[in-house]
Amino acid sequence: MGNVEYKQLDIKSIDLTDTTFVITYGFTLTQLKKSIEKIGILNPPLVKKKSREQYSIVCGYKRLLVCQDMGIEKLRCAIMGQGIEEKDTFLTGLFDNLSHRVLNPVEKSITISKLQKYYSGEVIVKKFLPLLGLNPHYSVLDRIKPLSGLDAKVKDAVVDGRIDEGAAAKLLNFSEKDRELLFQLLSVLRFSKNKQNEIIDNSYDIAKRDGCSISDFLNAKGLKEILTDSDLNIPQKGNRVRYFLRKLRYPKIIKAEKDFMEVRRKLNLGDTIKLTSPPSFEGDRYCIEFQFENMDDLEENLKKIASIKHNKEFKRIIEG
Amino acid sequence: MVRYIPSKIIVDTKVRDSLLTHNILNNLPGVPVEYVADTSTAIDAIRGRKDPLYAGKKVLLLTENRGRFLKPCPGTKEYICCGYRILNFATNCNLECSYCILQSYLNNPAMVVYANIEDMFAELEDELSQDSESIYRIGTGEFTDSLALDHLTGFAKLILPYFAHKQNVILELKTKTDNIGNLIDLQHNGNTMVSWSLNTEEVAKREELFAPSIDDRIEAAFKCQNVGYRLGFHFDPLIYYPGWEEGYQRTLERLFARIDTRNVSWISMGGLRFLPELKPIIQKRFPQSKIIYEEFVPGMDGKMRYFKPIRIEMYSRMLEWIRDYDPKLCVYLCMESREVWKKVFKEDRVENSENLAKILDDTGDKK
Ligand code: SF4
């Protein structure tokens, strides 16, 4: 860190809007404030002179915000030597953060964006992603990097785990209006990580395929009815919305599933016999499974199964 | 078609004196050349670029193949495979097809030529003499386009005369190019066939960015027909989009207006399929492409494929149209299940990969 000088600084001389070396995002100051009120600041913030009168913050951004909030006017700070390059100053702040906490996904994204000013993609992937607790792959870089460019409310949702970081990054592929609509949908229906990605992927694919915007089908009557149906709870709404989008995205597959279920229903196999199709109808193996209690039960089930082969509709499904 | 010219050549010092290296350097005067003892640093540098796949295509890397040149086609047991052998003399391709599987398959983004062909010939000599009864159907177009670099490598001039004197080999050069200059005067003795990957003109324009037009490909096939080559055509990938029927019918019409079906050894068909990892790559590199937004399902081999009824519909219609030109033409499906074969051909003619290999061996052998 070179020479560090300790000095009592006027808090106004520290430019808190200059975030060149700051990577902190998504925090509350309540706890820290309580602690500072009680025991004061043990570890002085680290700053660097940017002009005659002004300093930039390197470490201790939150401490300074609290002090400002508490109306503290003067504070003992550590001032970095002038000869230190911007890159090394940034790394000082980064390593300080990494030494005592795990960064959230948005902070990792901010870090990557800032590192890009100083390092090639290859160095970031190989050297810095592992330091951030990420796998050293370009795909990881591509997934994390865009997060810092998201709207504040989406970033906040990522930080408190309401929205998956991968799903959030995908939102940047949409227009601002579509992003807003999707974000609202995901927030209201509280999907799991996989389902969030499914909703975003299907919406994106439909819009690309049909050359339309998300709002064209998210504002459709059928979907609005699901969302406003007061008889449905949130998981039920979520399932219906997923089905609505799947049907738009995969009309042929959904129709085949429906036809199969209809034929199966008409076979009257009862509750004990389970007839299933191959996954996505790709293989050619159908499966029949049943349970029985006694010999009569067994015979009854076998009779029902034997009747399947005379069913023309089922034959059509199997043989095409 | 604009012929491939790299921006830079990297020569692994181990192949500095190879014939192929000499050919390439002679054909590319003025292109900067760098000699390296270890290629990994150069490859890493390309990987670190913003679009490594694009950057890689500008670099021609001449190195050695340390493994085997001849390998079985990486078919999977879940689908019927044609039992091909791949002669791996180069990897990667400059034609920039949006759907190209190599984008998610190759670790090295550079255009690679394995220049230690002296080792390749030694291996071939050894391998082909082991089983003189079997037919070896060999292709060079699995990890590259067979002819895209031929104006630089002159590879065809080396390999065709070699195979011309073998009894038990059918070499298939698979291409989308019209880069056939080296083939015209060569002695091939009927042991080499040239085949083209065809599509609709719309797909060629939208998805096969640097490949010649369909008419130019057919014209190249016509020239090869005139100098006695057997021909093959691969409708692979078949692409399902509004208007596909007219598109493929038009291609067949143009094809058979120039090509005599008696000179065609086989026609294959295969629906678009891709590893799931390829989708985001296509989205990023070819944002205008819509082909990945059709109805795909995970296949039994882990690749995404069109929903089965779509494939059956496309193959059946194509077969019908091809049969209208010549009912006897050998048509086969690439990597499909027995069930799909049965539904398309309306008979249980091909039960497994051995059946298909036998049909193709027999067809290819009728010189
Ligand atoms: S011609 Fe074949 S190898 Fe070349 S880019 Fe197209 S699909 Fe890939």
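**Interface of chain B and chain A**

I began with polar contacts between chain B and chain A and found 17 residue pairs, both members at pLDDT 80 or more. A polar contact here is a pair of N or O atoms within 3.5 Å; within protein, one must be able to donate a hydrogen and the other to accept it, and residues adjacent in sequence count only if both atoms are side-chain atoms. I then listed the elements that give two or more residues to the side of chain B touching chain A: helices H2 (40-47), H11 (278-285), H12 (308-325) and H13 (338-345), plus strand S14 (296-298). Helices (H or I, at least four residues) and strands (E, at least two) are DSSP runs, numbered from the N terminus.

The model is predicted: local features need pLDDT of at least 70, side-chain atom pairs count only at pLDDT 80 or more, and totals for chains, interfaces and linings use all residues. Residues are numbered from 1 along each chain as its sequence is written, chains are lettered from A and ligands numbered from 1 in the order written, and side-chain values use heavy atoms, with hydrogens and water left out.

I looked up salt bridges (a side-chain nitrogen of Lys or Arg within 4 Å of a carboxyl oxygen of Asp or Glu). The rule finds 4 across this interface. One pairs Lys279(B) with Asp205(A), with the closest N and O atoms 2.6 Å apart.

Next came contacts (heavy atoms within 4.5 Å). I noted 27 residues of chain B in contact with 24 of chain A. The buried area, meaning the accessible area (1.4 Å probe) that two parts lose on being put together, summed over both, is about 2000 Å². Carbon and sulfur atoms give 48% of that. Tyr293(B), Glu295(B) and Phe307(B) supply 32% of what chain B buries against chain A, more than any other three residues.

**Chain B overall**

I counted 14 helices and 16 strands in chain B. Its C-alpha trace spans about 55 × 45 × 35 Å along the principal axes. Buried residues (under 20% relative accessible area, 1.4 Å probe, protein chains only) make up 61% of the 367 in chain B.

**Helix H4 of chain A**

How many of the 11 residues of H4(A) are buried? I found 10, so this helix (residues 105-115) is largely enclosed by the rest of the structure. The buried residues include Glu107(A), Lys108(A) and Lys114(A). Helices H3 (86-100) and H5 (121-131) of chain A are among the elements that cover them. At the N-terminal end, Asn104(A) caps H4(A), with a side-chain oxygen 3.0 Å from the backbone nitrogen of Val106(A).

Key. Buried means under 20% relative accessible area, exposed over 50%, partly exposed in between (1.4 Å probe, protein chains only).
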